[in-house]
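Here is a short tour for someone meeting this structure for the first time. Keep the sequence and the 3D view open while you read.

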Amino acid sequence: MDCIFCKIVAGEIPSVKVYEDDSVLAFMDINPLNNGHLLIIPKAHAATIHEISEADFLAVMSATHRLAAAVREALNPDGINLLQLNGKAANQVVPHLHVHIVPRWSGDGLTVSQWNLVSGDMERIKGVAEQIQKALK
Ligand code: 5GP
Ligand code: ZN
């Protein structure tokens with residue numbers, strides 16, 4: 001499989017590892033948005049949230065929870081962004097599921113979490129909530 005993160009799992013491409021267990025690997029992002037930016041991935045290839053098994057996703061999220069605590073302990077950031085992108089339209093570049101942990105400091109100037117907040121139409125919001133609820137399995 002021609003996947004850069006699978007190659008990292010296999011040790012064919014070097015990485016700065018932070019944590020590893022049977023199903024998950026965490027390593028530092030090579031282009032950090034901030035000091036301490038790291039990635040958590042399943043060892044088994046899955047491109048997005050739609051391909052990964054629930055068990056592997058939970059393992060990734062469980063490791064993310066522990067690593068966020070470790071980042072806080074280690075770096076004492078003012079905040080942490082978790083980012084997880086699915087698909088080109090969502091700006092996913094590497095098609096092997098990953099969660100970013102991005103430590104944040106007040107006034108660091110990053111724009112990763114700066115969205116324009118515009119009030120929504122309540123009827124539309126309720127309508128889409130119903131649609132999602134109906135699709136819930
Ligand atoms: P996304 O797919 O969520 O947009 O981001 C992919 C992330 O993977 C980027 O933050 C990028 O810096 C990181 N990345 C891409 N190639 C490598 C690599 O070879 N090694 C490491 N450690 N990170 C990488
Ligand atoms: Zn892969």
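## An exposed asparagine

This is a predicted model. Start at Asn 76. Its relative accessibility is 58%, so Asn 76 counts as exposed, the cut-off being over 50%. Asn 76 sits in the loop between helix 2 (54-75) and strand 4 (79-83). Its backbone deserves a look too. Most residues other than glycine have a negative phi. Asn 76 is not a glycine, yet its phi is positive, at about 50°.

Now move to Asn 91. This residue is found in the loop between strand 4 and strand 5 (99-104). Is Asn 91 buried or exposed? Asn 91 counts as exposed because its relative accessibility is 59%, and exposed means over 50%.

## The overall build

The protein has three helices and five strands. What pattern do they follow along the sequence? Reading along it gives α-β-β-β-α-β-β-α.

The C-alpha trace spans about 50 × 40 × 25 Å along its principal axes. The protein has 137 residues, and buried ones make up 32% of them.

## Around the ligand

Find ligand 1 next. The space that ligand 1 takes is the largest pocket. How many residues surround ligand 1? There are 16, and the closest are Asp 29, Asn 31, Val 93, His 98 and His 100. By type, the shell divides into ten nonpolar residues, five polar and one charged.

Which elements supply this shell? Helix 1 (4-10) and strand 2 (24-28) each give at least two residues. Helix 1 provides the largest share, with three residues.

## Backbone contacts and cover

Look at the backbone beside ligand 1. A polar backbone atom of Met 28 lies 2.9 Å from a nitrogen atom of the ligand. At Ile 30, a backbone N or O atom is 3.4 Å from a nitrogen atom of ligand 1. Val 94 faces an oxygen atom instead: a polar backbone atom of Val 94 is 2.9 Å from an oxygen atom of ligand 1.

How much of the ligand does the protein cover? Taken alone, ligand 1 exposes 520 Å². The protein buries 84% of that area.

## A buried histidine

His 100 lies in strand 5. Is His 100 buried or exposed? His 100 counts as buried because its relative accessibility is 11%, and buried means under 20%.

For a sense of distance, compare its position with that of Lys 134. His 100 and Lys 134 are 34 residues apart along the chain. Their C-alpha atoms are separated by 30 Å.

## An exposed serine

Finish at Ser 119. Ser 119 belongs to the loop between strand 5 and helix 3 (122-135). With a relative accessible area of 75%, Ser 119 is over the 50% cut-off and is therefore exposed.

Trace the way from Ser 119 to Val 16. In sequence, 103 residues separate Ser 119 from Val 16. In space, the two are 42 Å apart, C-alpha to C-alpha.

Note on methods
Residues are numbered from 1 along each chain as its sequence is written. Chains are lettered from A and ligands numbered from 1 in the order in which they are written. This is a predicted model: local features need pLDDT of at least 70, side-chain atom pairs count only at pLDDT 80 or more; totals for chains, interfaces and linings use all residues. Side-chain values use heavy atoms; hydrogens and water are left out. A residue is near a molecule or strand if one of its heavy atoms lies within 4 Å of it. A polar contact is a pair of N or O atoms within 3.5 Å; within protein, one must be able to donate a hydrogen and the other to accept it, and residues adjacent in sequence count only if both atoms are side-chain atoms. Accessible areas come from the Shrake-Rupley method with a 1.4 Å probe; for residues, only the protein chains shown count as cover. On a 1 Å grid over the protein atoms alone, a cavity is a set of points where a 1.4 Å probe fits but cannot get out, and a pocket is an open set with protein on both sides within 12 Å along at least five of seven lines; lining residues have an atom within 4 Å of a point. A molecule sits in a cavity or pocket if more than half of its atoms lie within 2 Å of its grid points. Helices (H or I, at least four residues) and strands (E, at least two) are DSSP runs, numbered from the N terminus. Ala, Val, Leu, Ile, Met, Phe, Trp, Tyr, Cys and Pro count as nonpolar, Asp, Glu, Lys and Arg as charged, and the others, Gly among them, as polar. Buried means under 20% relative accessible area, exposed over 50%, partly exposed in between (1.4 Å probe, protein chains only).
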